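Q: I would like to go through this structure step by step. Could we look at it together?

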Amino acid sequence: MASGPRPVPVSHMAAMSLLLRAAAALGTRKGLFRAAGGGRVSLLGRNVVSSGLIAPVRHGSHGKRMFVIRPTEFYDKRFLRLLRFYILLTGIPVAIFITYVNIFIGEAELAEIPEGYIPEHWEYYKAPIFQTFTPVLNCVTHPITRWILRYFYDSPEKEYEKMLAIIDIESKKTDLRLKEMAVRRLMKERGDGPWYFYDTPDKNLIDNSAKITPDR
């Protein structure tokens, strides 16, 4: 059976690596010391530079350029680009539409009500409904506001009827709760309740044939 070379232990390899690094560091120091003339000349002198152990480095006017590791800004910039894109995508058409409405339609004018004509509820609105929140838009939003009131809001009469319906429903709920409380009180006083029972079956349906002959 052939036997190969024995493997070198890990501890021996680590010791050899440490010894080599120490020897390299010591050799470099000796070379620098010898190139500097035994300590009589500066390490940045001409002799040390010409020895090749130290290489001169020239930096620009802005100092040494460093590679600084910092968090990425890709997603932040992409979010801002998309935000700006979608704001402009919706804002530009809206601005064009509002400008067109205010130039070609304009503000409503007060006029006398013709004989026999009943104005609609949205015709009474001249100032915008957003006057409390955006007073700057008072002169540019009134035609759009009247359109919104016409197609998206109910008339005051309908709102009044809706409120009456809510009041009626709540009144019926209150009456029902009072009746339920009275029923529970009477059930406790009289010991009565929703007891469930089954009707007794007819006795003719009972099969007594097994009792005709006595047991043996």
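**Salt bridges and surroundings**

A: Lysine 173 counts as partly exposed, because its relative accessibility is 38%; buried means under 20% relative accessible area, exposed over 50%, and partly exposed in between, with a 1.4 Å probe and protein chains only. This is a predicted model, in which local features need pLDDT of at least 70 and side-chain atom pairs count only at pLDDT 80 or more, while totals for chains, interfaces and linings use all residues. Residues are numbered from 1 along each chain as its sequence is written, and side-chain values use heavy atoms, with hydrogens and water left out.

Q: Which residue forms a salt bridge with lysine 173?
A: The partner of lysine 173 is glutamate 170, and their closest N and O atoms are 3.8 Å apart. A salt bridge is a side-chain nitrogen of Lys or Arg within 4 Å of a carboxyl oxygen of Asp or Glu.

Q: Why are lysine 173 and glutamate 170 separated by about one helical turn?
A: They are separated by about one helical turn because they are three residues apart in helix H5. Helices (H or I, at least four residues) are DSSP runs, numbered from the N terminus. Glutamate 170 is partly exposed, at 39% relative accessibility.

Q: How many salt bridges does the structure hold?
A: The structure holds nine. One of them joins the side chains of lysine 179 and aspartate 175, at 3.6 Å from N to O. These two residues are four apart in helix H5, and therefore about one helical turn separates them. Aspartate 175 has a relative accessible area of 39%, so it is partly exposed.

Q: And what about arginine 185 and glutamate 189?
A: Their side chains meet in a salt bridge of 3.5 Å, N to O. Both residues lie in helix H5, four residues apart, about one turn of the helix.

Q: Is glutamate 189 buried or exposed?
A: Glutamate 189 counts as exposed, because its relative accessibility is 55%. Arginine 185 is partly exposed, with a relative accessible area of 45%.

Q: Which residues are linked in a network of salt bridges?
A: The network links Asp154, Lys158, Glu159 and Lys162.

Q: New topic: what is the volume of the second largest pocket?
A: Its volume is about 240 Å³. On a 1 Å grid over the protein atoms alone, a pocket is an open set of points where a 1.4 Å probe fits, with protein on both sides within 12 Å along at least five of seven lines; lining residues have an atom within 4 Å of a point. The volume is the space filled by probe spheres set on the points, which are joined across faces, edges and corners.

Q: Which residues are closest to the centre of that pocket?
A: Of the 14 residues that line the second largest pocket, Ile105, Pro143, Ile144, Arg146 and Trp147 are the closest to its centre. Helix H3 (74-104) and H4 are the elements that give two or more residues to the lining. H4 provides the largest share, seven residues.

Q: Where does tryptophan 147 lie?
A: Tryptophan 147 lies in helix H4, residues 142-151. It is partly exposed, with a relative accessible area of 47%. Tryptophan 147 is 25 residues from tryptophan 122 in sequence, and the two are 7.9 Å apart in space, C-alpha to C-alpha.

Q: Is tyrosine 151 buried or exposed?
A: Tyrosine 151 counts as exposed, at 52% relative accessibility. This tyrosine is also placed in helix H4.
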